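Please keep the sequence and the coordinates in view while reading.

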Amino acid sequence: MAKTGKVICPYCGTGCQVELHVENNVIRSALGVQDNPVNQGNLCLKGFYGWDYVGAPDRLTKPLIRKKDGVFSKDGDFEEASWDEALDLVVSKMKEVKEKYGPDALVGNYSARCTLEDNYVAQKVMRAVIGTNNVDHCARI
């Protein structure tokens, strides 16, 4: 069964409206909404093509940590981990880098699959917690 629905593109703060065409619960295509004053029917590459990840069968649903003999190791194999374990590891590694090299060593550069909310939280963490204004994000192409 085919359906369409209008959403605001999640990739940047511009506010482009997108009409998603969904069939059997899978996004088949995305088109810019003509009467939207922001994008007037146009979409960037991410807005037009960036929807395949939503229903990807290989999409990660749990954190993975490289482990060797049960502990983090760059030489280890990926193993499923709890969210608490994964976040604790990220925090400890960020603290380690900040203490050793200073806050500007932790320049944020975030995945192309970020939403507006992800970008907002990431820049707040980098500025308020880490202490750097050097933040880059996925709204750039």
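The paragraphs below describe a predicted model.

Strand β1 (residues 2-8) and β2 run antiparallel and are joined by 7 bridges. Within β2, H21 is the residue that stands opposite T4. On to strand β3 (residues 26-32), β2 is joined by 6 bridges, again in the antiparallel sense. Here V22 stands opposite I27 in β3.

Attention now turns to the nonpolar interior. In soluble globular proteins, nonpolar side chains tend to be buried together. The largest nonpolar core in this model has 9 residues, namely C9, Y11, C16, V18, L20, V22, A30, W51 and Y53. Strand β2 (residues 17-23) gives the most to this core, with 3 residues. In a regular strand the side chains alternate between the two faces of the sheet. One of the core residues is C16; leaving aside residues up to four places away in sequence, C16 touches V7, I8, C9, V38, N39 and L43.

Which residues form a nonpolar patch on the surface? The patch consists of L31, L45, F48 and Y49, which together have about 440 Å² of accessible area. Helix α1 (residues 45-49) gives the most to the patch, with 3 residues. Y49 is found in helix α1 and has a relative accessible area of 56%; because the threshold for exposed is over 50%, Y49 counts as exposed. L31, by contrast, has its place in strand β3 and is partly exposed, with a relative accessible area of 40%. Apart from residues up to four places away in sequence, L31 touches Q17, V18, E19, H21, L43 and F48. L31 and Q17 are 14 residues apart in sequence, and their C-alpha atoms are 8.6 Å apart in space.

The loops contain two further points of backbone geometry. Most residues other than glycine have a negative phi, and most peptide bonds are trans. Q40 is not a glycine, yet its phi is positive, near 45 degrees. Q40 is found in the loop between β3 and α1 and counts as exposed, at 55% relative accessibility. D69 is likewise not a glycine and has a positive phi of about 55 degrees. D69 lies in the loop between β4 and β5 and counts as exposed, at 76% relative accessibility.

Strand β4 (residues 64-68) pairs with β6 over 4 bridges. In β6, E80 is the bridge partner of L64.

The charged pairs remain to be considered. How many salt bridges does a search of the whole structure find? The search finds 3 salt bridges. One of them joins E80 to K62, with the closest N and O atoms 3.7 Å apart. E80 lies in strand β6 and K62 in the loop between α1 and β4, so the pair ties together parts that are 18 residues apart in sequence. E80 is exposed, with a relative accessible area of 55%, whereas K62 is partly exposed at 45%.

E85 forms a salt bridge with K67, and the closest N and O atoms are 2.7 Å apart. This pair links distant parts of the chain, with E85 in helix α2 (residues 83-101) and K67 in strand β4, 18 residues apart. K67 is buried, with a relative accessible area of 11%, while E85 counts as partly exposed at 31%.

K93 and E96 meet through their side chains in a salt bridge of 3.7 Å, N to O. Both residues lie in helix α2, 3 residues apart, which is about one turn of the helix. K93 counts as partly exposed at 33% relative accessibility, and E96 counts as partly exposed at 46%.

Conventions
Residues numbered from 1 in each chain as written. Predicted model: local features only at pLDDT ≥ 70, side-chain atom pairs only at ≥ 80, totals over all residues. Heavy atoms only, no water. Patch = residues over 30% accessible without salt bridge, like charges linked within 9 Å, V, L, I, M, F, W, Y side chains within 5 Å. Areas by Shrake-Rupley, 256 points an atom, 1.4 Å probe, with all protein chains shown as cover. Salt bridge = Lys/Arg side-chain N within 4 Å of Asp/Glu carboxyl O. Helix = DSSP H or I, 4+ residues; strand = E, 2+ residues; numbered from the N terminus. Buried < 20%, exposed > 50% of the residue type's maximum accessible area, 1.4 Å probe, protein only. Core = buried A, V, L, I, M, F, W, Y, C linked by side-chain atoms within 4.5 Å. Contact = heavy atoms within 4.5 Å. Pairing = 2+ DSSP bridges.
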